[in-house]
Structure formats: C-alpha cells, structure tokens
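User: Hello! I am new to this structure and would like to learn how to read a few of its features. Could you walk me through them?

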Amino acid sequence: MPIIEKNIHNLKFQNNEDEILSFSKFLSKYLILYFYPRDNTSGCTKEAKDFSNLKLEFDSLNTVVIGISSDTYESHNKFISKHDLKIELISDIDNNLCQYFGVWVEKNMYGKKFMGIERSTFLIDPSGIIIKEWRKVKVTSHAEELLNYLRKIKK
C-alpha cells in the first residue's frame, strides 16, 4: 500500500511539553510534517527557522507545521528557546513515526553506516490523508516551496 493512502489521525506522538496526543487534534487543518535529523545542527536549524519565519503565512492557509526528530522534548524546548522557533516539535524517541513514514533509513557518512532520519516532508489534508511527500529534502527554499505548493492547491 503506498504511503499516500494512509490516514494518520490515530497515530500518537509526544510533543515538546511531554504530552501524548494524536494527530486527530489537527482535524480540519492541513498538516506539514517535516522529519529532520537533529536539533541544533546547521541544516536543521535553518529549516526550523525558515518554517518559523513563514508561520503566519502557513496559518493563513489553514496549515500547521510540525517538525519531528528523535531528540527528547527537553532538547526540543532548548532548540525552540535558543532560536525563538514558532512551530511545534515532536519527539519520536522510539522512532515509531519515523518507521511509519519510512524515513528511518540506513545512512552512510565517511564510510560508516548507521541508522538515522532521512530529511523528508509530508503534506496531509484536513481528512488525514497524505497527499504529497518530499524525500531527501534540500533545506534551502524548502519551506517556501511548500508554501507555494499549498497556495497552488488551495486556489
């Protein structure tokens, strides 16, 4: 079954306030879930700041942006505070969401293989269906690309 057909509303997650919630909280809104490797690294910081800087524009399109990594909620709170982020971050410590979305993959750096998060983004419609995905994301202009895509489909 292609991932695009999955409905995510019953999936549970831990937010940066250590609350366990489900995606049904976002019924009636578009949802951007972006998976990133680690808090406070250069690419991940740029991506989070880009989404934060465009938050009001995403809000005007009835869209919530959520970043997901396997960092703890304590790490997320420090990351949010340090960079004045305006988006919600989810802790996926056990990698359940990463595995569900197929972004927990084998990586190779300097000849060493390890498991990690492949930078990826998913756009979910208000009914909870994944309508578009971006894999192996390049950070530069990615948030703007998503904003432009949303503007186009909402015309």
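Analyst: Happy to! Let's start with a cysteine: C44 counts as buried, because its relative accessibility is 1%. Keep in mind that this is a predicted model.

User: Is C98 buried or exposed?

Analyst: C98 counts as buried too, at 0% relative accessibility.

User: How many disulfides does the count come to?

Analyst: First the general idea: a disulfide is a covalent bond between the sulfur atoms of two cysteines. To be counted, the two sulfur atoms must be within 2.5 Å. Here the count comes to 0 disulfides. The closest cysteine sulfur to that of C44 is in C98, 12 Å away, so it is too far for a bond.

User: Now the helix α5. Which of its residues are buried?

Analyst: Helix α5 runs over residues 142-153, and its 12 residues reach 17 Å from the first C-alpha to the last, close to the 16 Å expected. Its buried residues are H142, A143, L146, L147 and L150. They lie on the same side of α5, because they cover an arc of only 145 degrees around the axis.

User: What do the buried residues of α5 pack against?

Analyst: They pack against several elements, including the helices α1 (42-53) and α2 (55-60) and the strands β3 (30-35) and β4 (63-69).

User: And where is S52 placed?

Analyst: S52 sits in helix α1. S52 is buried, with a relative accessible area of 9%. Setting aside neighbours within four places in sequence, S52 is in contact with L85, K86 and I87.

Definitions and conventions:
Residues numbered from 1 in each chain as written. Predicted model: local features only at pLDDT ≥ 70, side-chain atom pairs only at ≥ 80, totals over all residues. Heavy atoms only, no water. Helix = DSSP H or I, 4+ residues; strand = E, 2+ residues; numbered from the N terminus. Expected span 1.5 Å × (residues − 1). Buried < 20%, exposed > 50% of the residue type's maximum accessible area, 1.4 Å probe, protein only. Arc of directions from axis to C-beta. Contact = heavy atoms within 4.5 Å.
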